[in-house]
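Trainee: I would like to learn how to read the inside of a protein model. Where should I start?

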Amino acid sequence: MLELLQRLGHKTLSRLAAIGRAGQVLVQSLVAAPQPLVMLPLVLKQIYFVGVLSLVIIVVSGGFIGMVLGLQGYTILVDYGSEQAVGQMVALSLVRELAPVVAALLFAGRAGSALTAEIGLMKATEQLASLEMIGVDPLRRIVAPRLWAGFICMPILAIIFAVVGIWGGSLVAVDWLGIYEGSFWANMQQSVDFYDDVLNGIIKAVCFGVVVTWIAVFEGYDCIPTSEGISQATTRTVVYSSLAVLGLDFILTALMFGEL
Amino acid sequence: MRMRTVEIGVGAFMLAGILALVVLVLNVSGLNLSEQTGGYKVYARFDNIGGLTPRAKVAMSGVQIGQVTAIRIDRDMLMAEVEMEIFNDVDYLTTDSSASILTAGLLGEQYIGLVPGAEDEILGSGDYIRDTQSALVLEELIGKFLFNKVSE
């Protein structure tokens, strides 16, 4: 019994310490004197790896999710004779919820895990330590560009996801199921509001980008520098960032759309 | 050379993001950045607007000729006042046109349907449409029906 309590206390304390270290990593790598000339090429390279190379999975899954939404929406709405509302349904669910959330989950799996593994391997092969030896702060040289790249890429990926998804939905609804194109788009435009829906979706995507990249980079930086430690850290990245995205999504939705 | 592909890739990525945002703004949310899209304002008072919302379409014979820009309560008449913007090339709305709030389909969007009258004078900017017909509210209809049944 006592041992159980002890273990519980130990676990809680080490979690707390990890959260503290995560905050430290974030602050130390972001609140540094800006060196645009050094940082910009590094950030560009990371945007390429984190964002550009994630485009394929984002576009393909966005298209399929939009098509599924169109198909499902149609089969439900056609019972009520209001199948024109399918555009509204597809657009609202994508812009408000699915685009930020699914893009963030895919981003965590595609880019977050890679970030963790990369930084973890750098730590295991003592590259971070040698950087420190030659007087370069690894937080600023390695961690900061990856953080910035993640922050920048995530909203862009979410927007692309939404657009491709709506295109996929219109492909199914208008071209295959034969809903009148005019009412499909008119219904959508009438119900989607720029500030309430589009902007809130983008705010969500920014928040998710910060959280996912932060978790990924921190888990890599903080991992036990062995091959087992790296594998555990990569798993933790995907699990924690998925949970964080879904939990945060509820909070953000309640703040934006709820009457709280 | 390697750095060059990275730069081009990132540039294309950013451009795709901005383009996607523009598509989202213009095509999906139908946001009008320029308020003066070319149209004149016409007003109409309704007893009940039902579920009409701003940006609903204004149609004649089912063809869109404008959109609702604002809805408010007229404090003097205690009625709903709807402000609509009619496209500039629509110059055939007579002063005795009638406006009614209609529904597209059973559960569809609500819109304003205009029917021109027989006068020679044309509606101009700031004019009011006198002849209006409110939205069909299902509860009122059922209420009337029940009332008639009882009184029979």
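Mentor: We will go through the cores, then the contact between the chains, then the domains. Keep in mind that this model is predicted.

Trainee: Which residues touch the most other members of the largest nonpolar core?

Mentor: A nonpolar core is a set of buried residues such as Ala, Val and Leu, joined through C-beta atoms within 7 Å. Here the largest one has 75 residues, and A:I47, A:L157, A:A162 and A:V212 touch the most other members. The largest share, 22 residues, is that of α6(A).

Trainee: What does A:A162 touch, leaving out residues up to four places away in sequence?

Mentor: A:A162 touches A:L94, A:V95, A:A99 and A:G201, and also B:L24 from the other chain. Apart from this core lies another, of 23 residues, which includes B:V58, B:A80, B:A99 and B:I129.

Trainee: How many residues of each chain are in contact with the other chain?

Mentor: For chain A the number is 31, and for chain B it is 27. On the chain A side, α2, α4, α6, α7 and α8 each supply at least two residues. That side consists of 20 nonpolar, eight polar and three charged residues.

Trainee: Which domains does the assignment give for chain B?

Mentor: Domain bounds come from an automatic or database assignment. For chain B it gives domain 1 (1-31) and domain 2 (39-142). The C-alpha centres of these two domains of chain B are 40 Å apart.

How values were computed:
Residues are numbered from 1 along each chain as its sequence is written. Chains are lettered from A and ligands numbered from 1 in the order in which they are written. This is a predicted model: local features need pLDDT of at least 70, side-chain atom pairs count only at pLDDT 80 or more; totals for chains, interfaces and linings use all residues. A residue is buried if 20 or more other C-beta atoms lie within 10 Å of its own, exposed if 12 or fewer, and partly exposed in between; C-beta atoms are placed from the backbone. Helices (H or I, at least four residues) and strands (E, at least two) are DSSP runs, numbered from the N terminus. Two residues are in contact if their C-beta atoms, placed from the backbone, lie within 7 Å. Ala, Val, Leu, Ile, Met, Phe, Trp, Tyr, Cys and Pro count as nonpolar, Asp, Glu, Lys and Arg as charged, and the others, Gly among them, as polar.
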